Structures are given as C-alpha cells and as structure tokens.
Amino acid sequence: MQEFFSTPILTKEMTNFQEEKSHVIGWLMDDRNYITSGKKNGLLITDANLHKNPKFRTITDFMRKNVWQMMFKMGYHPDFVITSMWATKQEFGAYHHLHCHKNAFLGSAMYIHADSPTDGTTFVNPLASMWQMEPKYSAMVQPYVEPSVTMPFDEGTAHVFPGWLQHYTAPNRSNCRIVIAMNVMPVGKTNRDHYDRYEFPDKMELLEIEKEVFTSRYTDI
C-alpha cells in the first residue's frame with residue numbers, strides 16, 4: 001500500500017530548551033510586551049518583530065534551522081527570509097480560532113510555556129471532506145482518515161507546516177500558555193518562472209505582453 005499526497009509537518013525539539021527559556025520567560029510573561037488592545041478570545045499577541053530582538057536570537061536560529069531542513073526535505077532550495085515572528089499568551093479558557101497563514105509559504109509554532117498540561121496545535125486534515133462515507137471502524141487499526149490531529153504541548157518543541165494548512169488551538173486548560181510563531185517566504189525564482197522578482201537580470205524582457213504595449217503604458221514610471 002502506497003500513500004501519496006501527504007501533508008508535511010516537521011517536528012523538532014530544542015536541545016537545552018529550559019536554559020534558553022530562563023532567558024526569555026520574564027519578557028514573555030510581562031503583559032506590557034503584548035498588544036492588549038488586540039486581545040481576542042482571551043489571547044494576547046506581541047508585535048511581529050521578535051526575530052529582530054536580540055533576546056530571541058537563539059530561538060530564532062533554532063526555528064530558522066527547522067525551516068531550512070523542512071524546505072530541503074521537500075526538495076526545494078532552502079532560500080528564504082523570515083517575514084514575521086511573534087508570541088501569543090493565552091489565559092485559562094483562551095483559544096486561537098481556526099485559521100491558516102495565507103501570507104506565508106511556511107509557518108512555524110514553538111511551544112514555550114504552560115504551567116499545567118494543555119493541548120498544542122490542532123491541524124485539520126485538508127482531505128477529510130473527500131472521504132464522505134465512513135464504514136465501521138476496526139478496533140485493531142488506527143483509522144486511515146482522521147479529521148484532525150492535535151499535537152501534545154511539549155515545551156521546547158516546534159512544528160513547521162505549510163502556510164495553507166488550517167489549524168487552531170482548543171481552549172487552554174492551563175492558567176498560561178505561551179507560543180512563538182513565525183512566517184517565512186522563499187527568496188529567488190519561484191513556480192519555475194522565466195524571471196523572478198528578487199534577482200532581476202540587467203536586461204529582462206517580459207514575454208507575457210508585447211514590448212510596445214509595456215512601453216506605452218509605463219513610460220512615466
């Protein structure tokens with residue numbers, strides 16, 4: 001039996017995370033570092049520039065290496081940039097609604113802190129709706145088609161996933177749940193295009209439109 005068209009999710013655990021956590025937990029626990037006016041569903045969020053904050057350099061490097069490995073395993077050149085990186089803090093009962101990262105090629109979530117057991121990210125199976133019929137399940141084998149999968153909240157563990165993959169967090173069962181998230185975009189030629197917007201050649205011709213039309217429309221630029 002062969003399984004095609006799987007959804008890739010890379011999971012990595014950070015070595016010596018507890019030591020690194022001690023360097024950042026004070027900052028992450030301080031509500032003044034969150035955009036309180038944007039509080040929704042009991043969730044606080046920071047600005048999206050943690051990757052530029054020296055305090056988070058080690059965590060940023062760890063998450064960057066995970067993305068590099070993910071792109072390599074997917075068969076892509078691992079050339080990318082971090083476009084945003086932020087933290088969320090959730091009180092008891094808080095949750096993150098179902099969403100995807102439409103403005104990213106890959107997303108990542110790293111579990112930083114929970115003061116008691118709680119759930120991690122729940123990823124929704126994009127193909128579940130294709131299996132409309134559900135025969136009787138066997139007690140001997142794991143069901144082939146799961147509607148979703150919920151990751152355990154293990155501090156120091158990070159997941160990398162496609163930006164289009166829908167996910168959410170269930171209501172928090174601890175008093176405080178902190179997650180750092182990141183978005184990345186590829187750099188260089190994409191979609192096998194004959195030109196790319198990051199590395200323009202000195203002389204480039206746009207083949208999609210006639211040169212004289214391009215000239216007449218954009219002579220003022």
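**Entry 1. Terms and model**

Helices (H or I, at least four residues) and strands (E, at least two) are DSSP runs, and they are numbered from the N terminus. I am working with a predicted model, in which local features need pLDDT of at least 70 and side-chain atom pairs count only at pLDDT 80 or more, while totals for chains, interfaces and linings use all residues. Residues are numbered from 1 along each chain as its sequence is written, and side-chain values use heavy atoms, with hydrogens and water left out.

**Entry 2. Two residues with positive phi**

I looked up N16 in the loop between β1 and α1, the helix of residues 17–29. N16 is not a glycine, yet its phi is positive, at about 55°. Buried means under 20% relative accessible area, exposed means over 50%, and partly exposed is in between (1.4 Å probe, protein chains only).

F5 was my next stop, in the segment before β1, which spans 10–13. F5 also is not a glycine and has a positive phi, here about 60°. Its relative accessibility is 75%, so I wrote F5 down as exposed.

How many of the twelve residues of strand β3 are buried? I found nine, and so β3 (residues 80–91) is largely enclosed by the rest of the structure. As background, I noted that in a regular strand the side chains alternate between the two faces of the sheet.

I then looked for the strands that pair with β3. Two strands pair if DSSP finds at least two bridges between them. Strand β2 (residues 43–45) pairs with β3 in the antiparallel sense, over three bridges. I followed L43 across and reached its bridge partner in β3, Q90.

Strand β10 (residues 176–186) also pairs with β3, antiparallel, over eleven bridges. Here I picked S84 and found N183 of β10 opposite.

**Entry 3. Strand β6 and its partners**

I moved to strand β6 (residues 119–124). It runs antiparallel to strand β7 (residues 148–152), and four bridges join the two. V124 has S148 as its bridge partner in β7.

Three bridges join β6 to strand β9 (residues 167–169), again antiparallel. I looked across from T121 and found T169 of β9 opposite.

Where does S174 lie? I located S174 in the loop between β9 and β10. Its relative accessibility is 1%, so S174 counts as buried.

Next I listed its polar contacts (a pair of N or O atoms within 3.5 Å; within protein, one must be able to donate a hydrogen and the other to accept it, and residues adjacent in sequence count only if both atoms are side-chain atoms). The side chain of S174 makes one with the side chain of N172, at 2.8 Å. The S174 side chain also reaches the backbone oxygen of C176, at 3.1 Å.

I then asked what S174 is in contact with, leaving aside its neighbours within four places in sequence. Contact means heavy atoms within 4.5 Å. On that basis S174 is in contact with E91, F92, A114, D115, S116, P117 and T118.

**Entry 4. Salt bridges**

I searched the whole structure for salt bridges (a side-chain nitrogen of Lys or Arg within 4 Å of a carboxyl oxygen of Asp or Glu). The search finds five.

R32 pairs with D30, and the closest N and O atoms are 2.8 Å apart. I noted R32 as exposed, with a relative accessible area of 74%, and D30 as partly exposed, with 22%.

K89 forms a salt bridge with D31, with the closest N and O atoms 2.7 Å apart. This pair links distant parts of the chain, as K89 is in strand β3 and D31 is in the loop between α1 and β2, 58 residues apart. K89 has a relative accessible area of 13%, so it is buried, whereas D31, at 38% relative accessibility, counts as partly exposed.

R64 forms a salt bridge with D61, the closest N and O atoms being 2.8 Å apart. I found both R64 and D61 in helix α2 (residues 57–73), three residues apart, which is about one turn of the helix. R64 is partly exposed at 34% relative accessibility, and D61 is partly exposed at 32%.
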